[in-house]
Structures are given as structure tokens and as C-alpha cells.
Amino acid sequence: EPVTFLGQIACDSNGKLNAKSVILQGDLKHSTGMQVPVDLSELKEFSLFPGQVVAVEGTNSTGRCMVASRLYEGVPLPFYKPEDTREGLEQQMVLVACGPYTTTDSITYHPMLDLIDVINRDQPDVCILLGPFVDVKHQQIENCQLTVTYQEVFKQCMKGIVEGTR
């Protein structure tokens, strides 16, 4: 008999979230943060990201894997519409990006260089960069192949951003 579970989407492995790596993590208060793998094969379509809060209807007959039959995602809030329009104000461009800014097979910041090219081309008024800048689940970090501290990697990243956007 189907049951509805509420939780946060997470990835069971190092790398990108895909249909085989989805886990549902409960909150600390109600389920002590327990995690269960989710089988999405019965769903026609879905779009998930790590950290997304969802309700999943399905069965978990073995206690080891939940077979999802229905997915309930949050409803997006409407865009803000200011009541008072102020004449004469210029529109501002804001660029927002989130990490990690490395590829899964290298700790070098080549994707960050592509982002710097976009920043230089579009010249936003404000640029907001969200982490992680140093992904602790990166393969090279988990395998202790990093030759400098996390702080040094972060400093090198920031130095690249500053120098690249002058």
C-alpha cells in the first residue's frame, strides 16, 4: 500500500545527481535524518536537485529502497511585482552562479574560467557567487590527493576571480 514520505533530495554518491543516485533524507526531528534510496523508474518524468524538499508517494516493502509512484514538488512563489514604479531608475544586471566550479575529474577551476569570460562579456552590476567553492566530496579531496589546504584552494580560486575580472 502506497505511503507518502516527506524529505530532502540528496545524492548517494560522489558526482552529479541522476536517476540511480537519488536518496530521500528525512529531518532530524521526525526521522533522525534517516536516508532511503529512491527508485524513480515508475515515474514518467521528474526534475530533481540536491536539497529540494519533496513529498514522495510510493512503497518501501523491504525497508531498503522506496519505489516512487508519485512525486509532489513545491509550488514556486510568484515573482515580486512592485506597486510603486519609480521613473528614471536604470535597470541593474545581477549575475548569480553556484558551485562547485570544478569538474568531477579535476580540482582545477576551468568551469570558473568560463564563468569569468561571461562576467567580462556581460559586465553585470552585481555578481553573486555561491559555494561550494571547494567541494569536500570531490574525488581528489576524498582520496587525499590535495597537496594544499582547503583555504589555499579557496584563496587561489578568489585570486583567479579577482585577476580575471579586473
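User: Which residues in H2 meet which residues in H4?
Analyst: On the H2 side they are Met112, Ile116 and Asn120, and on the H4 side they are Cys157, Gly160, Ile161 and Gly164. A contact here means heavy atoms within 4.5 Å. Helices (H or I, at least four residues) and strands (E, at least two) are DSSP runs, numbered from the N terminus.

User: What kind of model is this, and how are its residues numbered?
Analyst: It is a predicted model, where local features need pLDDT of at least 70 and side-chain atom pairs count only at pLDDT 80 or more, while totals for chains, interfaces and linings use all residues. Residues are numbered from 1 along each chain as its sequence is written, and side-chain values use heavy atoms, with hydrogens and water left out.

User: Why are H2 and H4 called roughly parallel?
Analyst: Their axes cross at roughly 25° and come within 10 Å. That angle makes H2 roughly parallel to H4. The class takes angles under 35 degrees; over 145 is roughly antiparallel, 65 to 115 roughly perpendicular, and the rest oblique. Axes are lines fitted to C-alpha atoms, for helices over the stretch in contact, and angles run from 0 to 180 degrees between N-to-C directions.

User: Which hand does the crossing of H2 and H4 have?
Analyst: The crossing is right-handed.

User: How does the reach of H2 compare with the one expected?
Analyst: H2 (residues 110-122) has 13 residues and reaches 19 Å from its first C-alpha to its last. The expected span is 1.5 Å times one less than the number of residues. H4, with 15 residues, reaches 21 Å against an expected 21 Å.

User: Which residues of H2 are buried?
Analyst: They are Met112, Leu115, Ile116 and Ile119. Buried means under 20% relative accessible area, exposed over 50%, and partly exposed in between (1.4 Å probe, protein chains only).

User: How do you know where the buried residues of H2 fall, seen down its axis?
Analyst: They fall within an arc of 105°, so they line one face of the helix. The arc is that of the directions from the helix axis to the C-beta atoms. Turned away from that buried side are the exposed residues Asp114, Asp117 and Arg121.

User: What covers the buried residues of H2?
Analyst: The cover includes strand S6 (94-98), strand S7 (126-130) and helix H4 (150-164).

User: Which residues of H4 are buried?
Analyst: Val153, Cys157 and Ile161 are buried. Seen down the axis of H4, they fall within an arc of 75°, so they too line one face. Gln151 and Lys159 are exposed on the other side of H4. H2 and S7 are included in what covers the buried residues.

User: What makes Gln123 stand out in the loop between H2 and S7?
Analyst: Gln123 has a positive phi of about 45°, although it is not a glycine. Its place is just after H2. Its relative accessible area is 62%, so Gln123 counts as exposed.

User: What is the phi of Thr32, and where is Thr32 placed?
Analyst: Phi of Thr32 is near 50°, a positive value in a residue other than glycine. Thr32 sits in the loop between helix H1 (28-31) and strand S3 (35-39). At 61% relative accessible area, Thr32 is exposed.

User: What does Pro132 touch?
Analyst: Not counting residues up to four places away in sequence, Pro132 touches Gly99, Pro100 and Tyr101.

User: Is Pro132 buried, exposed or partly exposed?
Analyst: Its relative accessible area is 33%, so Pro132 is partly exposed.

User: How do you know that Thr102 is buried?
Analyst: Thr102 has a relative accessible area of 12%, and is therefore buried. This residue is found in the loop between S6 and H2. Not counting residues up to four places away in sequence, Thr102 touches Ile107, Thr108, Tyr109, Pro111 and His138.

Conventions. A crossing is left-handed if the near helix is turned anticlockwise from the far one by less than a right angle, and right-handed if clockwise.
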